[in-house]
Amino acid sequence: MNREATRDRILDAAERLFALRGIKETSLRVITAEAGANLASVNYHFGTKESLIHAVFARRLGPLNLERLRLLDQVERHSAGSAPCLESVLHAFVTPALHLRHQEGGENFMRLLGRLHAEPGELAMGVMKQFDEIFIRFTNTVRASLPGLSGAAILWRFFFTIGALTMPLVCPEVIRQKSGGLCDPSDAEGISGHLVTFLAAGLRAQEGALTPEEKEAR
């Protein structure tokens with residue numbers, strides 16, 4: 001029990017410090033001091049700093065991805081062989097992430113996720129692999145909802161979906177300030193409703209002229 005408590009303290013401290021200082025700038029000694037642990041504990045539970053980093057992300061992303069897949073499974077069962085409801089697919093993707101931000105420590109994690117996007121490299125690509133199944137499942141389901149779109153259009157529009165979701169997750173205070181308080185970044189359900197409406201319209205928009213490569217892929 002004490003070992004698990006120590007592990008959780010190390011993860012909490014690492015998440016908080018990585019978010020505030022940056023991943024590269026935060027040493028294991030600083031993390032252990034914050035967690036009230038020692039380097040031997042980090043070595044025991046994680047082995048290396050890189051393994052600790054991946055564990056920090058996996059602790060949040062694992063449950064997030066499972067919830068997204070659970071909701072997507074419900075959508076697909078409900079469609080019973082017909083085209084899945086696009087709005088329901090989008091809700092399954094965006095709503096769990098918005099709720100994650102409001103969990104204990106969620107703000108730190110979203111700040112950390114923003115840093116990861118701003119610091120591309122092997123580490124970022126390694127962490128992003130945790131989204132591989134999510135990306136494949138959701139793009140395939142969106143394709144089933146919108147069979148008239150080319151494969152390239154589906155992918156581009158899903159990338160834009162991820163970008164639109166990132167703003168309220170990573171920059172809530174910017175939203176609050178720039179909107180003069182009209183937009184409440186703490187209202188997960190309200191954000192989800194506006195975001196799904198916006199994304200569904202964009203995904204359904206008529207496709208423009210295709211490049212030769214896109215025509216061939218289609």
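The structure is a predicted model, in which local features need pLDDT of at least 70 and side-chain atom pairs count only at pLDDT 80 or more, while totals for chains, interfaces and linings use all residues. Residues are numbered from 1 along each chain as its sequence is written, and side-chain values use heavy atoms, with hydrogens and water left out.

Helices here are DSSP runs of H or I with at least four residues, numbered from the N terminus. Helix 5 (residues 86-101) packs with helix 8 (residues 132-145) at an angle of about 165°, their axes being 10 Å apart. Axes are lines fitted to C-alpha atoms over the stretch in contact, and angles run from 0 to 180 degrees between N-to-C directions. Helix 5 and helix 8 are therefore roughly antiparallel (angles over 145 degrees count as such, and those under 35 as roughly parallel). On the helix 5 side, the contact (heavy atoms within 4.5 Å) is made by Leu-86, Val-89, Ala-92 and Phe-93; helix 8 brings Ile-134, Phe-138, Thr-141, Val-142 and Ser-145. By class, this contact of helix 5 with helix 8 has 7 nonpolar, 2 polar and no charged residues. Ala, Val, Leu, Ile, Met, Phe, Trp, Tyr, Cys and Pro count as nonpolar, Asp, Glu, Lys and Arg as charged, and the others, Gly among them, as polar.

Helix 5 also meets helix 9: their axes come within 10 Å and cross at roughly 25°. That makes helix 5 roughly parallel to helix 9. Among the residues in this contact are Phe-93 and Arg-101 of helix 5, and Phe-158 and Ile-162 of helix 9.

Where is empty space left? Rolling a probe the size of a water molecule over the atoms shows this. On a 1 Å grid over the protein atoms alone, a pocket is an open set of points where a 1.4 Å probe fits, with protein on both sides within 12 Å along at least five of seven lines; lining residues have an atom within 4 Å of a point. The largest pocket is lined by 22 residues, with Phe-93, His-117, Met-128, Phe-131 and Ile-162 nearest its centre. Helix 9 gives the most to this lining of the largest pocket, with 7 residues. The lining of the largest pocket divides into 18 nonpolar, 2 polar and 2 charged residues.

In the second largest pocket, the lining includes Met-167, Cys-183 and His-194. Here helix 11 gives the most, with 4 residues.

Key
Helix = DSSP H or I, 4+ residues; strand = E, 2+ residues; numbered from the N terminus. Parallel < 35°, antiparallel > 145°, perpendicular 65-115°, else oblique.
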